[in-house]
Amino acid sequence: MHVKVHSKFVFFGFNKLGYILPDHPGSNMNRTGRLPNFILHSLRRYSKEIITPPGYAPPPKINHLKKFIADKIKTSGPITVAEYMKTSVSAPLVGYYGQFSDDQKVFGEKGDFITSPELSQLFGEMIGVWVFHELANTGHKGSWQLVELGPGRAQLMNDVLNALSKFHDKDVSVHLVETSDALIDEQEKALCIYKSNNTEDTPHVRKNKSRTGVNVYWYKAIDDIPDGFTVFIANEFLDALPVHQFQKTGDTWNEIYINLTKDDNLCFMKSKGENLNTKGLIPTAIRSDSKRVTWECSPESGTVVNQIVDRITTFGGFSLLIDYGHDGTRNTHSFRAYKNHKQVDPLANPGMVDLTADVDFGYLSSLVKDRVLVYGAKEQREFLAQLGIEHRLRRLLQICKDREQQEQLIKSYNMLIGDMGEKFKAWALFPNTLRFILEQRDGPVGFSSKEKTPNE
């Protein structure tokens, strides 16, 4: 492209101070050695026209993760849904959570999904009250660890700590399990006043102190958490863990794979017959169910739950996991993807969409019910109602005088006990040593067969 520019403006050089100087006298330079603003604006306009001429379109953005997956399939053959899900969600830098940044939102209205803690403080406060109430009923005295798995932006932990601060508990320490460095930075901003640096030669990767004065540690894995009495909490964590998908054809169970079309697009396919996963993962109860035609299984979720059970049975503690899921009776596949709060094709853009699957609490319960007391899965609406969330809402509405904030509180409350309240389930685990106490109490609060609140 040729651009006409007046001869006065063509020949310029830079002096040592960085000012633009003409190569001939008698220019339009002002006394400071700078060009007048109208000339700078003119040059800026021409510059833009040269860099981005009319009709210019940038080249399409390449999804490097999708290319990596496609190349892997070409080299090694089809991959399982579990492998695809794990790679898409967890791959460093190019995975869904690995790309978290100010430009690539994940949570909240500007992200792909909204979690219960981000609706309002009500949810996190109720979890904080539940944790303290159940801790007191165990009879435990002394230091204890509060662990959250997959803390997201740490909104839940922030609200839980604010609730615990009202009880003046000085024995708690917080331990967050997070694999994304970008999310660790975000969690630290939410919980702590000052930024800290990563540590070396320690089980934890970072340490800081919360605004409420509680020591906070970050880990990459559950096994790195120190021994001791531990309370585990998690919200929308298990649903992001990889699942294997199976489908029954006649009397044969096939696994669902990810393969390539002729155009190198990702697609689903069935295995030709049984494989190691169908034979090793599908339990007898599923095989013997004549009405069962599909099944999903998350071995990683089973591993996490077993790690929790090992901890609380050895050192004491309990856990509360909340997620959308079912009791094991679902007979359709649930693997899906979300982008900007809308359901989308899970194979179209790996690494750029939220991949998820419903949690099979029935399957998880079957893995640990012989070693711990299992409560739930209970609908979130029932769980929160027994905790007294309505009473807390009324109290907040009395304190809050701003009409807009009052309406937001009511809206978030309706969501927590409405559609989300039905889909989300609460699931708790306690060691068998607490059986007598829990039987006398008719179970932990929120899981009672009779509706009552901690105040009763």
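Visitor: Which residue does Lys220 meet in a salt bridge?

Guide: To spot such a pair, look for a side-chain nitrogen of Lys or Arg within 4 Å of a carboxyl oxygen of Asp or Glu. In this predicted model, Lys220 pairs with Asp181, at 2.7 Å from N to O. Lys220 sits in the loop between β7 and β8 while Asp181 belongs to helix α7, so the contact ties together parts 39 residues apart in sequence.

Visitor: Where does the pair of Lys74 and Asp264 lie?

Guide: Lys74 is in helix α2, and Asp264 is in the loop between β10 and β11, so this pair ties together parts that are 190 residues apart in sequence. Their salt bridge spans 3.0 Å, N to O. Asp264 is partly exposed, with a relative accessible area of 37%.

Visitor: How many salt bridges does a search of the whole structure find?

Guide: It finds 20. Among them is Arg381 with Glu379, at 3.8 Å. Asp185, Glu188 and Arg206 go beyond a pair, being linked in a network.

Visitor: And the cysteines: how many disulfides are there?

Guide: A disulfide is a covalent bond between the sulfur atoms of two cysteines. Searching the whole structure here turns up zero. Cys192 is buried, at 2% relative accessible area, and Cys400 is buried too, at 11%.

Terms used: Residues are numbered from 1 along each chain as its sequence is written. This is a predicted model: local features need pLDDT of at least 70, side-chain atom pairs count only at pLDDT 80 or more; totals for chains, interfaces and linings use all residues. Side-chain values use heavy atoms; hydrogens and water are left out. A disulfide is a pair of cysteine sulfur atoms within 2.5 Å. Buried means under 20% relative accessible area, exposed over 50%, partly exposed in between (1.4 Å probe, protein chains only). Helices (H or I, at least four residues) and strands (E, at least two) are DSSP runs, numbered from the N terminus.
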